[in-house]
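Subject: Structure for your review

Dear colleague,

Please find below the structure that I am handing over to you.

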Amino acid sequence: MSEVITGIRTVKMYAWEQSFIDLITRLRRKEISKILRISYLRGMNLASCLAVSKIIIFVIFITNELLDNLITASQLFVVVMLFEALRFLNTLYFPMAIENVSEAVISIRRIKVWGQIIAFGCRWIFCKMPFCLVSLCSN
């Protein structure tokens, strides 16, 4: 707790408050824009999850009919069930896996940065991450 108070005193003593406010505001705006973009992508993915499989099944059966192939009820049932099974794999689980892998990579980078900060001991360190200026002591 004393390191936090010392950091606050240092910021106030050197009149860095406005620059820190500007930095934090800029980082928050950037974060909000990325969260908004991710929300749009999730919404589009969910909408496509519901519509694309039905459209693909329709196009396949229209193409099959235009090629003068007969469609039996058993073929129709098998194709529809296979597409329904693949729908969740392609439109829900695959994007979720990509999202989880990217979050894991970001977490690993943050752990590495904290490990480097702790390894330096008791010094002021400027990082590329949003917490900016940090003072840590190894005692």
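The notes below go from the whole chain to single residues.

Please keep in mind that this is a predicted model.

The chain as a whole

The protein chain contains three helices and two strands. Their order along the sequence is α-α-α-β-β. Of the 139 residues in the protein chain, 15% are buried. The protein chain exposes about 11,400 Å², and carbon and sulfur atoms supply 69% of that area. Among contacts in the protein chain with a separation of 6 or more, 34% are between residues 24 or more positions apart.

The salt bridge

How many salt bridges does the structure hold? There is one, and K54 forms it with E84. The closest N and O atoms of this pair are 2.7 Å apart. The two partners come from distant parts of the chain: K54 belongs to helix α2, E84 belongs to helix α3 (residues 73-120), and 30 residues separate them.

Are the two partners buried or exposed? K54 has a relative accessible area of 45%, so K54 counts as partly exposed. E84 has a relative accessible area of 17%, and E84 is therefore buried, since buried means under 20%. Apart from its neighbours within four places in sequence, E84 is in contact with S53 and K54.

Which residues gather in a patch of positive charge on the surface? They are R26, K30, K34 and R37. R37 is found in helix α2, which covers residues 17-66. With a relative accessible area of 53%, R37 is classed as exposed, because exposed means over 50%.

V59 is partly exposed, because its relative accessibility is 44%, a value that lies between the limits for buried (under 20%) and exposed (over 50%).

Yours sincerely,
A colleague

Technical notes. Residues are numbered from 1 along each chain as its sequence is written. This is a predicted model: local features need pLDDT of at least 70, side-chain atom pairs count only at pLDDT 80 or more; totals for chains, interfaces and linings use all residues. Side-chain values use heavy atoms; hydrogens and water are left out. Patches are made of residues with over 30% relative accessible area and no salt bridge: like charges are joined within 9 Å, nonpolar side chains (Val, Leu, Ile, Met, Phe, Trp, Tyr) within 5 Å. Accessible areas come from the Shrake-Rupley method with a 1.4 Å probe; for residues, only the protein chains shown count as cover. A salt bridge is a side-chain nitrogen of Lys or Arg within 4 Å of a carboxyl oxygen of Asp or Glu. Lys and Arg count as positive and Asp and Glu as negative; His and the chain ends are not counted. The place of a charge is taken as NZ of Lys, CZ of Arg, CG of Asp or CD of Glu. Helices (H or I, at least four residues) and strands (E, at least two) are DSSP runs, numbered from the N terminus. Buried means under 20% relative accessible area, exposed over 50%, partly exposed in between (1.4 Å probe, protein chains only). Contact means heavy atoms within 4.5 Å.
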